[in-house]
Amino acid sequence: MSKRKTVGAGEGLPEATEREARPPVEAIRAAAFAQFAERGYPVVTVRDIMKACGLTQGALYNHFKSKDELLHDIIASTQGELERLCQEAVKGAGADPRAQLAAFVRVYVVRHCRLRIEALVANREIGWLDAARVSDIRRSRRAIRDIVVTILTRGVESGVFDPPRVDGKHDLKAIAMALLDQCTHVSMWYGPGGDLAEEQMAKLYTEMALRVVGARLQD
């Protein structure tokens, strides 16, 4: 198993000269992710973010009205991209629920291994947003959960999944949430350079997910 690794502000980010070559809004987003991940949203100032990305403080207000709006933007953008990738993976996997679940878990785990800083910020700092700003993020998270519930439902109905029961009944929503929690938290400890590469980790998590839902062997 790979070793636990602490996420740092500069980890995985380009050098300063490369950051400055980015469009300003992308440089601001990257710097905000890194600053919020390392120090936490409440203590990071707009000046800290702009200094980290090599831009003036006024540049932020050309794109975002406030630090709150910036936090919402970076969480909503990474969440929306995750939803899109999950939808495409399942759509491209064919009709077999086993293949659909495997495709979903693979893309979800690889993204959470690769974009650890983004995942950390999205899951830890969302509580600082007000209800209006967080509503679309929660909608996207429910949509991702429902993708898994739909896959599980198809698998049970077709007889290829036999997940655990409580009092003789399946709670597929609870199982979907458990699978998502398991896959999400890989971002809390995974780091490159360990025993398993991203694709190997995704393969491991896919196998675990299929076992959890009692998947039958492929025909």
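## Val121 and helix H7

Val121 sits in helix H7 (residues 116-124); helices here are DSSP runs of H or I with at least four residues, strands are runs of E with at least two, and both are numbered from the N terminus. With a relative accessible area of 0%, Val121 is buried, where buried means under 20%, exposed means over 50% and partly exposed is what lies in between, using a 1.4 Å probe and protein chains only. Skip the neighbours within four places in sequence, and Val121 still touches Phe33, Phe36, Ala37, Leu71, Ile74, Ile75 and Ile126 (contact means heavy atoms within 4.5 Å). Tyr41 is 80 residues from Val121 in sequence, yet their C-alpha atoms are 8.5 Å apart in space.

## Where the numbers come from

This is a predicted model, so to speak of local features takes a pLDDT of at least 70, side-chain atom pairs count only at pLDDT 80 or more, and totals for chains, interfaces and linings use all residues. Residues are numbered from 1 along each chain as its sequence is written, and side-chain values use heavy atoms, with hydrogens and water left out.

## The overall picture

The protein has 10 helices and zero strands, so the pattern along the sequence reads α-α-α-α-α-α-α-α-α-α. Of its 219 residues, 43% count as buried. Looking at contacts with a separation of 6 or more, 73% come from residues 24 or more positions apart.

The accessible surface comes to about 11600 Å², and carbon and sulfur atoms hold 53% of that. These areas come from the Shrake-Rupley method with a 1.4 Å probe, and for residues only the protein chains shown count as cover.

## H5 against H8

Helix H5 (residues 67-91) packs on helix H8 (residues 131-158) at an angle of about 15°, with the axes 9 Å apart. Axes are lines fitted to C-alpha atoms, for helices over the stretch in contact, and angles between N-to-C directions run from 0 to 180 degrees. H5 and H8 are therefore roughly parallel; that label covers angles under 35 degrees, while over 145 is roughly antiparallel, 65 to 115 roughly perpendicular and the rest oblique. The crossing of H5 over H8 is left-handed, meaning the near helix is turned anticlockwise from the far one by less than a right angle, with clockwise giving right-handed.

On the H5 side, the residues involved include His72, Ile75, Gln79, Glu83 and Cys86, and they meet a set in H8 that includes Arg133, Ile137, Ser140, Ile144 and Ile147. By class, the residues of this H5 and H8 contact split into 10 nonpolar, five polar and seven charged. Ala, Val, Leu, Ile, Met, Phe, Trp, Tyr, Cys and Pro count as nonpolar, Asp, Glu, Lys and Arg as charged, and the others, Gly among them, as polar.

## H8 against H9

H8 also packs on helix H9 (residues 172-184), at about 125° and with axes 9 Å apart. H8 and H9 are therefore oblique to each other, and H8 passes H9 in a right-handed crossing. Ile144, Arg145, Val148, Val149, Leu152, Thr153 and Val156 in H8 meet Leu172, Lys173, Ile175, Ala176, Met177, Leu179 and Leu180 in H9. That contact has 11 nonpolar, one polar and two charged residues.

Between H8 and H9 there is a loop, and Asp167 lies in it. Asp167 counts as exposed at 76% relative accessibility, and its phi is positive, about 55°, although Asp167 is not a glycine.
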